[in-house]
Amino acid sequence: MFRKRTLVTISALAGISILLVGCGKSSPTNHSNQAATSSSKAVQKGSTKSNSSDLWNKKKDQELTSFINQWAPTMGQSYTKYDGNDDLKTKAGMYYPKDLSQTTVNGGNDSIGWAPSGKGSYDYNVVALYNYDRPGNAATHITYAFAFHSGEPVALVEQSTNGTPNWTPTKNTDVSSNFAKIANGNGSTKQSSTTKKDNDTSSTAELSFEDAAALIQKGGFTDFNYDSAKTMHDGSHPTSNGGYVMITYPGAKGQDQFTITKTGKNKYHIEAKYGTLDGGSFKAFDDQSTYGPTSADVTK
């Protein structure tokens, strides 16, 4: 009897040991599965983040918005930004970015389209769009498309009123240079013109609209009208070398461009180009002398 009980006890203990060993082996397997699952979830979560190789991101987009909101009032303008959902409608009847495929760049066949990362299948990959409709009945507007071409930032402008809308690199150095700085991760230049004037006593202090208008009038440019220019001089801007680009709009589709260059202390050279926006982009008239002097040297 005693021998039987001992054998039974030994058998029972052996069975329990086997069960315990079995449980002990399954535990690491479970931990391994959990770790693999957690790792898989982490990879899936990470894949939703912006690719670090993107040329454009939310931070840069916010910096560009801040620049536009600061710069536009100095031009007497107010821009509407494409919000990523509702197409941006211009006064000329275009809807961007939907209608980008119906436009040209530099009058050529390069493709242009919306690509918020800056990397896309287009020749010009647009990351931001802003539009300003000029007052009045005409379909005049200024639309900026901030894009990457071959990986390089380029600020394009479209002001077409009829025909195929055409994008060209903006001549506004404030816009082009600040977009390049932002795109390259250097931020924008947020110092105001007033602050620059107060702190800059050098010979390259910026000219104001009033300064430029006075110089143009002094140069005897008969096609320049101060009151008309004061009302509308969209695209006009001071230059970094102490000069100024004055753009005026005589007549329904006319445009005059006065480029003022500083040549010495209180001395300036002015070049004038008279033309039209008929066809969508600026085209100089063949006979410039009909509209007044084409150049002048003046002293402030």
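Is His 233 buried or exposed, and what is its relative accessible area? His 233 is buried, at a relative accessible area of 16%, where buried denotes under 20% relative accessible area, exposed over 50% and partly exposed the range in between (1.4 Å probe, protein chains only). The structure is a predicted model, in which local features need pLDDT of at least 70 and side-chain atom pairs count only at pLDDT 80 or more, while totals for chains, interfaces and linings use all residues. Residues are numbered from 1 along each chain as its sequence is written, and side-chain values use heavy atoms, with hydrogens and water left out.

**Figure 1. Overview of the chain.** The chain contains 6 helices and 15 strands; helices (H or I, at least four residues) and strands (E, at least two) are DSSP runs numbered from the N terminus. Of its 300 residues, 37% are buried. The accessible surface amounts to about 16,800 Å², with 52% belonging to carbon and sulfur atoms; such areas come from the Shrake-Rupley method with a 1.4 Å probe, and for residues only the protein chains shown count as cover. Among contacts (heavy atoms within 4.5 Å) between residues at least 6 apart in sequence, 49% join residues at least 24 apart.

**Figure 2. Surroundings of His 233.** His 233 belongs to the loop between H6 and strand E10 (237-238). A polar atom of the His 233 side chain lies 2.8 Å from the backbone oxygen of Ala 229. This is a polar contact, defined as a pair of N or O atoms within 3.5 Å; within protein, one must be able to donate a hydrogen and the other to accept it, and residues adjacent in sequence count only if both atoms are side-chain atoms. Neighbours within four places in sequence aside, His 233 is in contact with Phe 209, Met 246, Ile 247 and Tyr 249.

**Figure 3. Helix H5 and its cover.** Helix H5 spans residues 209-218, and its buried residues include Phe 209, Ala 212, Ala 213, Leu 215 and Ile 216. Viewed down the axis of H5, the buried residues fall within an arc of 165°, so they line one face of the helix; the arc is that of the directions from the helix axis to the C-beta atoms. An α-helix has 3.6 residues a turn, so residues three or four places apart point the same way. The cover over the buried residues of H5 includes helix H6 (226-231) and strands E11 (244-248), E12 (254-264), E13 (267-276) and E15 (295-299). Gly 220, which follows H5, has a positive phi near 80°.

**Figure 4. Thr 248 in strand E11.** Thr 248 is placed in strand E11 and counts as buried at 4% relative accessibility. Residues up to four places away in sequence not counted, Thr 248 touches Phe 224, Ala 229, Met 232, Gly 254, Gln 255, Asp 256 and Phe 258. The C-alpha atoms of Thr 248 and Tyr 226 are 9.4 Å apart in space, and the two residues are 22 apart in sequence.

Figure 5. The buried residues of H3 are Val 175, Asn 178, Phe 179, Ile 182 and Ala 183. Seen down the axis of H3, these residues fall within an arc of 135°, so they line one face of the helix. Their cover includes H2, strand E6 (124-133), E7 and strand E8 (152-158). At the N-terminal end, Asn 172 caps H3 through a side-chain oxygen 3.0 Å from the backbone nitrogen of Asp 174. Just after H3, Gly 185 adopts a positive phi of about 85°.

**Figure 6. Aromatic pairing of Phe 146 and Phe 179.** The chain holds 19 aromatic pairs, counted where ring centres of Phe, Tyr and Trp (its six-membered ring) lie within 6.5 Å; planes under 30 degrees apart are stacked, over 60 edge-to-face and the rest tilted. Phe 146 and Phe 179 form a tilted pair, at 5.0 Å centre to centre with 55° between the planes. This pair links distant parts of the chain, 33 residues apart, with Phe 146 in strand E7 (residues 141-149) and Phe 179 in helix H3 (residues 173-183). Both Phe 146 and Phe 179 are buried. One aromatic cluster includes these two residues together with Trp 56, Phe 67, Trp 71, Tyr 79, Tyr 130, Tyr 132, Tyr 144 and Phe 148.

**Figure 7. Asp 61 in helix H2.** Asp 61 lies in helix H2 (residues 58-71) and counts as buried at 17% relative accessibility. Its side chain makes a polar contact of 2.6 Å with the side chain of Lys 81.
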